[in-house]
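Here are my notes on the structure you sent over. I have set them out as numbered points so that you can follow along in your viewer.

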Amino acid sequence: MRKKVIVDTDPGVDDAMMILAALRSPELEVIGLTSIFGNASGYATAQNALRLVELEGNDNIPVARGSDRGLVVEAQMLGTMVHGEDGMGNTNPPLPKGKWLDISAAQFIAQKVLDNPRQVTLLAVGPLTNVALALRLEPRIVELVEQVVIMGGSIGAGGNISPVAEANIFHDPHAAEIVFSAGLPLVMVGLDVTLKVIQTRQYLDKIKAANNPAGHLLRSILPCYQRYHDQAYGMGGDIHTHDPSALAYVLDPELFKVEEVPVYVETSGYGFGQTIADRRRQLGQRPPVSVCVEVDAPGVLALIEERLTR
Ligand code: BDR
Ligand code: CA
């Protein structure tokens, strides 16, 4: 049986790469996309979610629009310098044909998890606002969701948007704190592993050369993301692999080694958005989550390449 997946996402260049690879994965049944602000505004990311399901004829997959801001704080800096104002590398793509659902992202998540007990994997690769709101609407999600796999956080690799914070957590640390404390079957695919999976310029050239709509879209949107990585890290056209690594976990968890540890989220001060692993249980009684600490990087890269070029 195919794995039912809801992708909660802020597309976003790496989100786009991940969603296209997910939609091309025969083991998965993507039952919906839920959008969230983050890499661009809530409006832009919702439009991009629609564009991505439409690109290769998946417009039967519903899109539910999520939050435009964090639970407690307004987003301080969207990822537009990384992903472009439109979240699609400043390529100004045409308007999508479809429309998002009348229900919110949080309502959609709650409804699908309750309708399909222990069958839905939630793959959340943006700020965790929608997931936290879904938990508030329907706390039974904790028992009824199959797994929640997030791209976000860092327990030993420092930050990417601040010295200590990863961007998705930074954009809504209060939501992340709700999610990490909930007792969910949660897997964190954070910077500890995603920074180790490098898509080289040559690798990306192969993805861009794929003669299919996914390859054509990625050819236009990737250069903006590559330029950012070059300016920020001097990577010369190579990029880190964030959201596609989280998809790789869903497809093949054997590619990762995890550590079971409680994680807390800092919501103020210089540490705003930091994820703290409490290895010696000094901060309280919080249930542990599975934090990815090692990765078979060539394995992840081969899997993503195969999906995008098939
Ligand atoms: C995360 O932040 C966003 O820029 C990416 O899409 C990814 O989900 C990386 O920190
Ligand atoms: Ca993302």
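How many aromatic pairs does a search of the whole structure find? The search gives four aromatic pairs. Please bear in mind throughout that this is a predicted model.

1. **An aromatic pair between Y43 and W100.** Let me begin with one of the four aromatic pairs. Y43 belongs to helix 2 (residues 42-55), while W100 sits in the loop between helix 3 (80-83) and helix 4 (105-115), so the pair ties together parts that are 57 residues apart in sequence. Y43 is partly exposed, with a relative accessible area of 46%, whereas W100 is buried, with a value of 16%.

2. **An aromatic pair between Y228 and Y233.** Two tyrosines make up this pair: Y228 and Y233 are edge-to-face, at 6.5 Å centre to centre and with 90° between the planes. Is Y228 buried or exposed? Y228 counts as buried because its relative accessibility, 18%, falls under the 20% cut-off. Y233, at 38% relative accessibility, counts as partly exposed.

3. **A charge over a ring.** While you are looking at aromatic side chains, please also display Y264. R286 lies over the face of the Y264 ring, at 4.0 Å from the ring centre.

4. **The calcium site.** Which residues coordinate the calcium ion (ligand 2)? The donors come from D10, D15, V125 and D243, at 2.3 to 2.7 Å.

5. **The surroundings of ligand 1.** The residues around ligand 1 are D14, D15, N39, H83, V125, M151, N160, E166, A167, N168, H242 and D243. Where do oxygen atoms of ligand 1 approach side-chain N or O atoms? One such approach is to N160, at 2.8 Å. Another is to N168, at 2.9 Å, and a further one is to D243, at 2.6 Å. The protein covers 95% of the 280 Å² of accessible area that ligand 1 has on its own.

6. **Helix 1.** Eleven of the eleven residues of helix 1 (residues 13-23) are buried, so this helix is largely enclosed by the rest of the structure. Its buried residues include D14 and D15, which are both found around ligand 1. Others among them are V13, M17, M18, I19 and L20.

7. **Helix 12.** The picture is repeated here. Nine of the nine residues of helix 12 (residues 243-251) are buried, so this helix too is largely enclosed by the rest of the structure. Among its buried residues are D243, P244, S245 and Y249.

8. **A buried lysine.** K4 is part of strand 1 (residues 3-9). K4 is buried, with a relative accessible area of 15%. What joins the side chains of K4 and E29? A polar contact of 3.2 Å does.

9. **Backbone points to check.** Most residues other than glycine have a negative phi, and most peptide bonds are trans. The peptide bond from P11 to G12 is cis, with omega near -10°, and G12 is found in the loop between strand 1 and helix 1. N90 has a positive phi, near 55°; this residue is in the loop between helix 3 and helix 4 and is partly exposed, at 49% relative accessible area. R281 also has a positive phi, near 50°. R281 lies in the loop between strand 11 (275-277) and strand 12 (289-295) and counts as partly exposed, at 43% relative accessibility.

Notes: Residues are numbered from 1 along each chain as its sequence is written. Chains are lettered from A and ligands numbered from 1 in the order in which they are written. This is a predicted model: local features need pLDDT of at least 70, side-chain atom pairs count only at pLDDT 80 or more; totals for chains, interfaces and linings use all residues. Side-chain values use heavy atoms; hydrogens and water are left out. Donors are N, O and S atoms within 2.8 Å of the metal (3.2 Å for Na, K and Ca); water is not among the atoms, so sites may look incomplete. Rings of Phe, Tyr and Trp (its six-membered ring) pair if their centres lie within 6.5 Å; planes under 30 degrees apart count as stacked, over 60 as edge-to-face and the rest as tilted. Helices (H or I, at least four residues) and strands (E, at least two) are DSSP runs, numbered from the N terminus. Buried means under 20% relative accessible area, exposed over 50%, partly exposed in between (1.4 Å probe, protein chains only). A charge sits over a ring if NZ of Lys or CZ of Arg is within 6 Å of the ring centre and within 35 degrees of the ring normal. A residue is near a molecule or strand if one of its heavy atoms lies within 4 Å of it. A polar contact is a pair of N or O atoms within 3.5 Å; within protein, one must be able to donate a hydrogen and the other to accept it, and residues adjacent in sequence count only if both atoms are side-chain atoms. Accessible areas come from the Shrake-Rupley method with a 1.4 Å probe; for residues, only the protein chains shown count as cover.
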